[in-house]
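Good morning, colleagues. Please look at the model now being shown; I shall speak about a pocket and then about aromatic contacts.

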Amino acid sequence: MARRNLSLLLFALAFTLLCWSRAEKNPYARYLSESFTAIDDGALERVPGEELFDTAVTSMVATLHKRGDENSQFIPAELAEPFLSEMRQEFGGIGVRIAWQGDPPQLTVMGLPEPGSPAFDAKIQPGDRIVAIDDTPMSDIVAEGMEKPLLRLRGAPGSTVRLTIERDGIGQPLNISLVREIIVVHSVIGDRRRADGSWDFFLPDAPGIAYVRITSFGDKTVGELTAVLARLSHEGMQSLVLDLRDNAGGVLDAAVGVCDLFLKEDAPIVEIRGRERKLQERFTSSGKGKYTQLPIAVLVNGDSASASEIVAACLQDNQRAVVVGERSFGKGTVQHAILIEPGRTRKSWLKLTSASYWRPSGANIHRTSDAPANGAWGVSPNDGFEIELDADAQAALRKSRFKRDVDVSKDAKPIDDPALTRAVEFLQSK
């Protein structure tokens with residue numbers, strides 16, 4: 001029997017056994033197994049078992065979406081590694097940030113490469129345009145999907161990738177071969193980059209006030225923040241602005257760990273509740289935090305979600321921080337990543353909403369699809385600390401923030417940031 005046919009047979013058998021094992025609890029699992037077998041055996045056009053499987057799970061998740069669960073997700077095998085690397089905060093790559101820039105859009109290197117990365121050592125520069133990867137023109141790569149360039153840049157550590165780059169001031173394209181390494185994605189960053197790629201965490205013209213941005217909550221976030229705060233304390237930090245704007249969330253344990261740094265023992269952090277609001281787990285502080293007296297202002301906006309809201313709500317409810325900015329997104333549900341296809345060459349995952357989280361005050365932050373605009377969802381700023389920006393102002397702020405992030409000169413222009421200004425005023429008054 002051909003190896004491919006044998007693999008499909010084993011896959012179909014495993015799928016069938018999985019469905020039959022659930023049949024006593026739910027007969028629809030048996031019906032699904034029988035349907036899969038009937039199509040696999042009798043359909044006029046043969047369809048690979050993997051494709052049937054992906055379609056079945058995708059359709060089930062689509063039903064969850066129709067019933068209001070917008071956050072469950074099926075991650076097929078080809079997207080599994082980027083999904084996992086986001087949680088791990090590391091992947092095999094070359095250490096560049098890329099974005100589509102210009103008209104027509106070109107894949108452009110944004111800012112300095114990560115210090116010590118292959119791209120940094122090869123002196124790849126901000127503004128370099130990647131026009132081919134492994135001698136395949138970019139137009140051919142994006143024809144397969146806009147996510148394909150990123151997937152091609154990533155790969156196993158030790159493997160080689162060849163870039164063709166256009167650079168201003170150089171007439172001929174540059175061909176650069178790079179050996180991929182483990183790239184660590186830092187989730188804790190500061191106000192601006194220095195020339196060596198490190199971050200300056202102290203605000204200009206605001207002595208003693210540290211400014212820390214958490215861009216996501218991953219497996220390394222707590223360790224990163226612990227190290228940064230220790231260094232800043234040694235350098236004279238007297239108060240802290242914790243910027244969670246545009247942070248869509250991430251790992252629950254990371255959010256709990258961040259809160260624990262700022263709370264005295266046994267302070268409530270968050271509760272996790274399942275169906276019918278049944279309590280599954282209650283998180284409280286350990287008392288090991290070293291920054292229980294540090295004045296804090298937390299910045300949030302309409303794109304602060306999930307783990308960001310856990311942190312903002314916890315520090316607000318425990319009166320450990322003032323929350324400044326706009327009301328947060330309102331994502332109060334918990335997703336668990338479940339490995340549903342643990343094959344050697346295929347590893348598909350189901351990111352399933354399985355619980356909701358509740359802030360220390362006892363309120364549920366989640367915004368349902370039919371929630372009124374004036375409902376009690378999300379995390380609202382403290383009274384007197386609301387900073388409302390229209391869409392144009394938000395876009396201008398993000399653009400100026402990005403320019404400051406990639407400008408490594410000593411004269412990098414400060415940005416006009418009303419929420420940050422209000423937070424600094426508050427902390428200076430303490």
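A pocket here is an open set of points on a 1 Å grid over the protein atoms alone, with protein on both sides within 12 Å along at least five of seven lines, and its lining residues have an atom within 4 Å of a point. Grid points are joined across faces, edges and corners, and a volume is the space filled by probe spheres set on the points. This is a predicted model, in which local features need pLDDT of at least 70 and side-chain atom pairs pLDDT 80 or more, while totals for chains, interfaces and linings use all residues. Residues are numbered from 1 along each chain as its sequence is written, and side-chain values use heavy atoms, without hydrogens and water.

The second largest pocket holds about 950 Å³ of space. It is lined by 28 residues, and those closest to its centre are Asp-69, Thr-333, Thr-353, Ala-355 and His-366. Strand S20 (residues 347–358) gives the largest share of this lining, six residues; strands are DSSP runs of E, at least two residues long, and helices runs of H or I, at least four, numbered from the N terminus.

I turn to the rings. The structure holds three aromatic pairs, that is, rings of Phe, Tyr and Trp (its six-membered ring) with centres within 6.5 Å; planes under 30 degrees apart count as stacked, over 60 as edge-to-face and the rest as tilted. Phe-53 and Phe-74 have centres 6.5 Å apart and planes at 75°, so this pair is edge-to-face. Because Phe-53 lies in helix H3 (residues 49–66) and Phe-74 in strand S1 (residues 73–75), the pair ties together parts 21 residues apart in sequence.

Notes. On a 1 Å grid over the protein atoms alone, a cavity is a set of points where a 1.4 Å probe fits but cannot get out, and a pocket is an open set with protein on both sides within 12 Å along at least five of seven lines; lining residues have an atom within 4 Å of a point.
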